[in-house]
Amino acid sequence: MPNPIRKIGSFFSRSLGTWCFLVVLLCLAGCMTMRWQYPATSQVEQVDDYHGVKVHDPYRWLEDANSPKTREWIEAQNRLTFDYLGKIPSRQPIRDRLTKLWNYERFSPPVRYGERYFFSKNDGLQNQSVLYTVQSLEDTPVVLLDPNQLSSDGTVALSGTAISDDGRLLAYGLAKSGSDWQEWHVRDVAAGKDLSDHLRWIKFSGASWRRDGHGFYYSRYDEPSETNKYQAVNYFQKLYFHRLNTPQSEDRLVYHRPDQKTWGFGGYVTEDDHYLIITATDGTDTRNRVFYLDLQDPQGRVAELLTDFDASYEFIGNDGTLFWFLTDLKAPRGRVIAIDIRQPQRDHWKELIPEHRDALKGVNVIQDQFVAIYLKDACTQVRMFDLEGRPLQELALPGLGSAGGFGGKRKDTETFYSYTSFTTPGSIYHHDFKSSRSTLWKAPRVDFQGTNFDIRQVFYKSKDGTEVPIFIVHRKGHQLDGSHPTYLYGYGGFNISMTPGFSVPIAVWLEMGGVYAMANLRGGGEYGEEWHQAGMKLKKQNVFDDFIAAAEFLIAQGYTRSEKLAIGGGSNGGLLVGAAITQRPDLFGAALPAVGVMDMLRFHKFTIGWAWTSDYGSADNPVEFKALYAYSPLHNLRPGTGYPATLITTADHDDRVVPAHSFKFAAAIQAAQAGPKPVLIRIETKAGHGAGKPTSKLIEEAADRWAFLDKELEMRVPKNFETKKNRR
């Protein structure tokens, strides 16, 4: 018979073990709860009525980025975040590797004006690239403008340039601390000194010179108040002409529309100096209107050419009164048409380059040829046509990647372009039209073995069966066993195409043992306007479905598993990440939403946010409100949910997507988080939406992101990962 004493002892032993295990779990849970003591974020009784739906907005006070209370909150959040990041052992080795890899020469494709070439160059770790000029490409370049000399911390960036036709004058814009606001100046190229010209309150504008160099056209807004210049809504842009060596107050107003507060204007002087082409846009809508002004007629008035707002019309160039346009009218993937302004009726239009199965993204006229840039499954192809649209040749590129540049004028015999891929840093090529040959001009030397990695492009099915392409990059020899940390990146909006390109942070991620995946989601421009519209407004959920399906595909194929999968994206891509983790918090191990649009009910109330209603819709519309409310990241956080480890990044000078989006989302997700994973916000100072950010800040932010993923995905990157990876 069994010994009853032994049975009782066994029972107590098992029970004691079970209770000890439960006690340990409870202690761990309690410790974890105590560990994440987020800064106190007070709530207010703010309730808005949207078409009969009551919506609470308890963190409305965080919209005032300059209030003492908000500044205290920012400081407290940054203390928590940087204290956490500072304790990750791999943070410094990752930062060191980023710094070493970033330290390589980078060039822009040269452009020629008059007897000079102009290009930018970064020696490696310079915070801002330097603008150079040279009369012969064999000569020693001369510094024309070095933005690094304009601030001690590199936060003043060159935001735009316009060179006079003879190459004697440079108009240039400067942006401070990442703001969209620009101040423009004029520099004498030969003397290397600025003239007296100083223009302010310029946003979303370039400059276009008259051929005689006496002045240029540009667009600006009225001066805002000093207290809300980073948040006030931007309406009523105006097109001006600035005459050299005169104060801005004397600039001549060329065109504005006081009846259309949302219209924006761009002015472009034709190469023959005969016409001013005025492009009228309405927010970020791809459709536009086109007007023109005859500059040879002193009494001339602006003439309306294309006013139906039925398609995109991008001016390419002209041959007298014959205007060439790239348009998606009746051709969602793009075509080239000719319009004679003497007979502008549509039945007189002529198609020169018909729509192709690949998306036509840009056209220039050089050496009396159309240089047409296509995207074939998100990779660049370059084809030449004569001015009647007859095919001439296709430019051979080094591989599946991205090419850009191709600047020049109609009679030029040369052009320059860049080529890059995920594992190939940007190289600059010179193309001679007379010989039809391209030769390498500059190739960077980077401490990165791109040949150690495989690049694949595959297609997966989204929720509704749509085939979506995705690029996958990883070290050669990876086994599909679900063990690999994977970073999935996406954007999916505003007709913007995600194409292959070299990135120092992604190169370091690959060296860390990570897999990198980039999905070409609907809402982008990879397959033309139809692909774009399939991810707009009431169809925006398609974008999130595409992204979630990409994550599921990577898991199903054995690249990774949920706890090893991180997602990232910026701006509209930040919205994408926010929507993904609120819809499928179980699917991801970590999330990196950057400068995201998180409050889809109020985005249009700040700076240029109203312009995005063409892509998103507006909460002012009852039907669109329903769709926005259904996916708005801020409004779909659920208390008691276990969200993945999340590091939100934003900047205090972001006047594109104001930081209130990230502030409110951070407060809400911290309050909702029921899981053990941290949800933190990193708030950069003296920085904006991203453009012009100094190299030093780029390195610091990338190091923090990868250190965060190293810890939360349990990558266990060794302190000597650089040495280890280079062993042969």
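Predicted model: local features only at pLDDT ≥ 70, side-chain atom pairs only at ≥ 80, totals over all residues.
Two strands count as paired if DSSP finds at least two bridges between them.

Strand 10 (residues 182-188) and strand 11 run antiparallel, and five bridges join them. Four strands make up an open sheet in the order 8-9-10-11, with antiparallel pairing. At its edges lie strand 8 (156-163) and strand 11 (193-202), each of which pairs on one side only. From one strand to the next, the twist averages 25 degrees. What holds such strands together? Strands of a sheet pair through backbone hydrogen bonds, either parallel or antiparallel.

Helix 3 (residues 91-102) has 12 residues and reaches 16 Å from its first C-alpha to its last, close to the 16 Å expected at 1.5 Å a residue. Which of its residues are buried? In helix 3 they are Pro93, Ile94, Arg97, Leu98, Leu101 and Trp102. These residues cover an arc of only 160 degrees around the axis, so they sit on the same side of helix 3.

Finally, look inside. The largest nonpolar core has 121 residues, and those touching the most other members are Trp73, Ile470, Leu488, Tyr616, Trp706 and Leu709. Helix 6 (residues 541-556) gives this core its largest share, nine residues. Take Leu488 as an example: beyond its neighbours within four places in sequence, its contacts include Ile470, Phe547, Leu554 and Ile567. There is also a second, separate core of 16 residues, with Tyr292, Leu305, Phe325 and Ile337 among them.

Definitions and conventions: Residues numbered from 1 in each chain as written. Heavy atoms only, no water. Helix = DSSP H or I, 4+ residues; strand = E, 2+ residues; numbered from the N terminus. Expected span 1.5 Å × (residues − 1). Buried < 20%, exposed > 50% of the residue type's maximum accessible area, 1.4 Å probe, protein only. Arc of directions from axis to C-beta. Axes fitted to C-alpha atoms, helices over the stretch in contact; angles between N-to-C directions. Core = buried A, V, L, I, M, F, W, Y, C linked by side-chain atoms within 4.5 Å. Contact = heavy atoms within 4.5 Å.
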